[in-house]
Amino acid sequence: MGLVTISDIRTAAALIEPVVVRTPLLRFDDRLAVKPENLQPVGAFKLRGAYHALARLSDEARARGVVAYSSGNHAQAVAFAARAFGVPAVIVVPDNAPAVKVEATRAWGATVEQVPMARRESRAHELVAERGATLIPPFDHPHVIAGQGTVGLEVVADQPEVEVVLVPVSGGGLISGVAAAVKALRPSARVVGVEPELAADAAASLRAGELVRWPAADRERTLADGLRAEPSELTFAHMRALVDDVVAVSEDMIVEAVRRLAHRTRLVVEPSGAVAVAAYLAGAGEWPERTVAVVSGGNVDREVFARMI
């Protein structure tokens with residue numbers, strides 16, 4: 001399977017335009033602007049890929065329903081998109097997913113099953129077989145990647161001379177799409193992935209030149225619950241071809257980024273959504289003047305957020 005192209009991303013942009021918010025670039029300081037995807041209707045960038053994937057299904061496939069597995073944000077996105085298209089949806093989420101994400105997924109009308117994190121994907125495939133439904137994966141599909149790539153399309157449109165784009169990395173769908181867009185439109189710009197030190201499997205993989213797998217129990221340690229997945233062969237192929245580097249940040253720096261975003265930009269951001277800003281803060285003074293950080297989501301339990309800020 002080939003890499004997603006700028007043409008694929010432009011097609012996705014046209015299909016999702018009626019529903020997805022075109023988020024602005026907000027000033028963080030003299031060097032950094034943030035792309036606040038927490039302002040999407042479901043509180044995260046995931047709506048772009050999920051809605052695009054459902055938009056590309058046939059009427060027959062929609063009638064049979066969809067299944068997804070997720071840490072929480074993709075769950076809400078698929079539930080939202082399924083409701084928009086009148087499609088039944090079953091979402092498998094880990095049994096330690098934040099309550100705010102589980103409740104929101106049910107509120108959009110989806111059926112939710114909670115299983116141990118290591119069982120999410122296998123249970124989703126069982127449901128697909130049982131129901132004859134279509135799987136909408138959180139990152140491992142070109143339609144999902146193309147939808148997420150519209151973030152990069154908008155970044156370059158709003159900051160044509162961008163020098164660095166910092167992007168959270170989990171399964172790799174977001175950075176794959178963003179890198180495909182940015183490198184096509186602004187080849188000189190660097191695309192840098194960011195992940196927690198406690199779930200830094202993508203950084204290890206990029207250094208090794210092949211996928212390095214971390215046990216689920218290790219990846220579950222990070223506060224950034226949306227960044228506990230691991231790249232697929234498809235997303236890793238995009239990363240190897242298009243991503244300049246992947247860096248890791250500490251849990252303390254992630255919390256500090258949540259705090260700074262709240263005070264400087266008045267944004268409610270979940271830990272997973274704050275890692276790109278955490279990398280910027282950790283390398284203070286080293287990033288060029290035209291740096292953009294993607295803030296990927298803001299679905300965080302109120303008590304957790306209150307403690308962090």
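User: Exposed means over 50% relative accessible area, buried means under 20%, and partly exposed is in between (1.4 Å probe, protein chains only). Which is Ala 14, buried or exposed?

Analyst: Ala 14 comes out at 56% relative accessibility, so it counts as exposed. This is a predicted model, where local features need pLDDT of at least 70, side-chain atom pairs count only at pLDDT 80 or more, and totals for chains, interfaces and linings use all residues. Residues are numbered from 1 along each chain as its sequence is written, and side-chain values use heavy atoms, with hydrogens and water left out.

User: And where does Ala 14 sit?

Analyst: In helix α1. Helices (H or I, at least four residues) and strands (E, at least two) are DSSP runs, numbered from the N terminus. From the C-alpha of Ala 14 to that of Leu 281, 267 residues along the chain, the separation is 35 Å.

User: How do α1 and α2 cross?

Analyst: At roughly 90 degrees, with the axes of α1 (residues 6-16) and α2 (residues 46-55) coming within 9 Å. That makes α1 roughly perpendicular to α2. Angles of 65 to 115 degrees get that label, while under 35 is roughly parallel, over 145 roughly antiparallel and the rest oblique. The axes are lines fitted to C-alpha atoms, for helices over the stretch in contact, and angles run from 0 to 180 degrees between N-to-C directions.

User: Which residues meet there?

Analyst: Ala 12, Leu 15 and Ile 16 from α1 meet Arg 48, Tyr 51 and His 52 from α2. They divide into 4 nonpolar, 1 polar and 1 charged. Here Ala, Val, Leu, Ile, Met, Phe, Trp, Tyr, Cys and Pro count as nonpolar, Asp, Glu, Lys and Arg as charged, and the others, Gly among them, as polar.

User: What about Leu 47, buried or exposed?

Analyst: Buried, at 0% relative accessibility. Leu 47 lies in α2, and beyond its neighbours within four places in sequence, its contacts (heavy atoms within 4.5 Å) include Val 19, Val 20, His 52 and Phe 80.

User: Switching topic: how many residues are in the largest nonpolar core?

Analyst: It has 34, and Val 165 and Val 167 have the most contacts inside it. The largest share, 7 residues, comes from α8. A nonpolar core is a set of buried Ala, Val, Leu, Ile, Met, Phe, Trp, Tyr and Cys residues joined through side-chain atoms within 4.5 Å.

User: What does Val 165 touch?

Analyst: Leaving out residues up to four places away in sequence, its partners include Val 155, Val 178, Val 182, Arg 190 and Val 292. A second, separate core of 32 residues includes Val 255, Leu 267, Val 269 and Tyr 280.

User: Where's Ser 296, and is it buried or exposed?

Analyst: Ser 296 is in the loop between β10 and α14 (302-308). At 7% relative accessibility, Ser 296 counts as buried. Its contacts beyond four places in sequence include Glu 37, Phe 45, Pro 168 and Ser 272.

User: What's the phi of Arg 266?

Analyst: Positive, about 60 degrees, although Arg 266 is not a glycine. Arg 266 lies in the loop between α12 (251-265) and α13 (271-282), and is exposed with a relative accessible area of 67%.
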